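Hi,

Here is the structure I promised to pass on. Have a look at it, then read my notes below.

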Amino acid sequence: MAEKVMLLLVGGRSATPAIMGALQFVDEVDRIKFLLCEHKDNLYLTFQETIIRLLRASKPDLLCDDERDVKMVDANDFDEVTTAVTLLCHDEAKISYVNLTSAPQSMSFAVYNYIRTNHPQALPFSVNTHTSQITPLIPGKKPQGLTKKLDVKEYTKACDTDVFQYKFDVNNLSCTPEQAKKKAQEFTINAAHAEQLLALLRRAGETIKTPKTINLKKTKLPKTIDMRELRQFLAGLHEAKLISRFSEQETQFSYRVETKYDHAFLYGDWLEYYVYLQAKENRFDSVKMSVELQDYKGEIDVFAVHNANALICECKTGKYQTNDLARLESKAIKLGGNYCVRLFITTALKVTPEFYSQAANRRIVVITGNELPQVAQKLKQEMDQPTYPRN
């Protein structure tokens, strides 16, 4: 029986479209062949190596010979592409699927012309990364949704990197996961009030070595702080075990922070955890938080993948600056460029028009403190119909 073969064209700014398409049909083929665009830094050869590695994780016996099954061409030379695809597919193998996504027009037209003439049984298709659909490129075939998925770790490998570690583990907190969830929700419901009180706690113990007892002198508290509200707030944290040994004297409030994880949660991890939980409730294929990548400085606060599309969030409590946007953009570029949706989520109730403008220039959607209760809907909206289309 003749081998069933899939042909992938690899070009563009990311390996994601090729992977999205190949995953859908990998179980139906025996061998995979690649036609790569030339690149001065061999970028597309790197993509090819990543793609075959990921596909073999799904199907270990998938065949691909580096000499026989991989060719590189000038993608804008129609005749060169035609010659290369003829050599690649001239044997008796049965070409079953051809992914034309992300290749330049001349390359796609040349391959399509060859395939329809010489392998009419094959299904040429493109991947609509915006709607997460396979579009068959022959009459009478309807688009189909994606059934095979990528998780966060697999997606990072598709972007030629890998997960180094996940820095946050809710089980490291002194409270239970349910208590952490409840507190994060409480902070979100009245973000302005909670942020004012949390900022006070951050200033009191910004560079602490845990365990640490912290005293809040009443005479040094801002006049805008209501003592009764602060007392209730601290009592609530004590009840949730995020602080311990809470007491009030005539001149001060006193409490103890037991672990660096509790301190980090109050400092800002609560917002990341809240956004993470909202993404989980949206049933994305894979969601991780506090993701550190190999050989990359900084972390991705919330990282979600759905239908092989990525969405990353930068979560900021307290002060923020325009440099935060640049850092978020650089992470997105590493993780798929325009295929990677970017959200900047802040507890600030409003940001300046200039900040919105700079975010828009970097294809970043800003979510402010007033919008935090609706973040689940915004995550779903941006994953399904992003403000800045994937292209």
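The protein exposes about 18400 Å², with carbon and sulfur atoms supplying 48% of that area (Shrake-Rupley method, 1.4 Å probe; for residues, only the protein chains shown count as cover). Keep in mind that this is a predicted model, where local features need pLDDT of at least 70, side-chain atom pairs count only at pLDDT 80 or more, and totals for chains, interfaces and linings use all residues. Residues are numbered from 1 along each chain as its sequence is written, and side-chain values use heavy atoms, leaving out hydrogens and water.

Of the 391 residues, 52% count as buried (under 20% relative accessible area, 1.4 Å probe, protein chains only). Along the principal axes, the C-alpha atoms fill a box of roughly 90 × 40 × 40 Å.

On to the fold: there are 12 helices and 16 strands (DSSP runs numbered from the N terminus: H or I of at least four residues for helices, E of at least two for strands).

One bit to look up is an open sheet of three strands, ordered β9-β11-β10 with antiparallel pairing (strands pair if DSSP finds at least two bridges between them). Its edge strands, β9 (212-217) and β10 (244-248), each pair on one side only. β10 is joined to β11 (residues 252-257) by three bridges, and S247 stands opposite S254 in β11.

What share of the contacts with a separation of 6 or more comes from residues 24 or more positions apart? That would be 68% (contact means heavy atoms within 4.5 Å).

Cheers

Key:
Buried < 20%, exposed > 50% of the residue type's maximum accessible area, 1.4 Å probe, protein only.
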